[in-house]
Amino acid sequence: MLSKKMEEQLNEQINAEIYSGYLYYAMEAYFEDEDLTGFANWMHVQAQEELLHAHKFFNYINERGGRVRLDGIETPKNDWDSPLGVFKEAYEHETKVTERINNLYDLALEDKDHATASFLKWFIDEQVEEEASADEIVNKLKRVGDSGHGIFMLDNELSNRMLDTAEYAEDGE
Ligand SMILES: [Fe+2]
Ligand SMILES: [Fe+2]
């Protein structure tokens, strides 16, 4: 059985993942407004991934005999000054999510809840990727600076991102 505290924290994580999705949808909307459809596509896929993360927690709570309870989602920020500003914020956001996942893992160890610790390992690895991919784009945007051509090239590159559903296939029901 999940401890009461663990059940609560896992439920909060569902909220945090949906909020992440919401934030990335807001970033998608910003890029659509700027006619940067490749950047918008990247954010769209990112948002979809976050909703799948939320559902991974949803399934796990149920599997362990816990009760999923949904809470309200905070209003995300909607305006940014530049693509670099957006990706800096995406990176910052992911470092905060990493902290949350690490805290959950610490709680699982405290609880001697080995199943939850094992479940969370996927997210620990995922966060390494999440931080790295946002950071990579921050660095590319810094290199590109104000060059319209550079932004255009990067927009083109990011238009290729697709959701990797195979990664989540076993969570479907
Ligand atoms: Fe996530
Ligand atoms: Fe994420």
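Select Met43. Leaving aside residues up to four places away in sequence, Met43 touches Tyr24, Met27, Glu28, Phe31, Val86, Phe87 and Ala90. This is a predicted model.

Now colour the nonpolar core. Met43 belongs to the residues with the most contacts inside the largest nonpolar core, along with Met27, Phe31, Phe39 and Phe87. That core has 23 residues. Show the helices next. Helix H1 (4–33), H2, H3, helix H4 (114–144) and helix H5 (148–158) each supply at least two residues of the core. H1 gives the largest share, seven residues. In soluble globular proteins, nonpolar side chains tend to be buried together.

Next stop: the metals. Select the iron ion (ligand 1). What coordinates the iron ion (ligand 1)? Glu17 (OE), Glu50 (OE) and His53 (ND1) do, at 2.1 Å. Along the sequence, these donor residues follow the spacing E-x32-E-x2-H. Zoom in on Glu50 and His53. They are three residues apart in helix H2, so about one helical turn separates them. Are Glu50 and His53 buried or exposed? Both Glu50 and His53 are buried.

Glu50 coordinates both iron ions, ligand 1 and ligand 2, which are 3.4 Å apart. Turn to the second site.

Trace the chain between Glu50 and Glu94. The pair links distant parts of the chain: Glu50 sits in helix H2 (residues 37–63) and Glu94 in helix H3 (residues 83–110), 44 residues apart.

Check the angles at the iron ion (ligand 2).

Last, show the accessible surface. Glu50 is buried, with a relative accessible area of 1%. Glu94 is buried as well, and its relative accessible area is 1%. End on Glu50, the residue that coordinates both iron ions.

Conventions
Residues numbered from 1 in each chain as written. Chains lettered and ligands numbered in written order. Predicted model: local features only at pLDDT ≥ 70, side-chain atom pairs only at ≥ 80, totals over all residues. Heavy atoms only, no water. Donors = N, O, S within 2.8 Å, 3.2 Å for Na, K, Ca; no water. Helix = DSSP H or I, 4+ residues; strand = E, 2+ residues; numbered from the N terminus. Buried < 20%, exposed > 50% of the residue type's maximum accessible area, 1.4 Å probe, protein only. Core = buried A, V, L, I, M, F, W, Y, C linked by side-chain atoms within 4.5 Å. Contact = heavy atoms within 4.5 Å.
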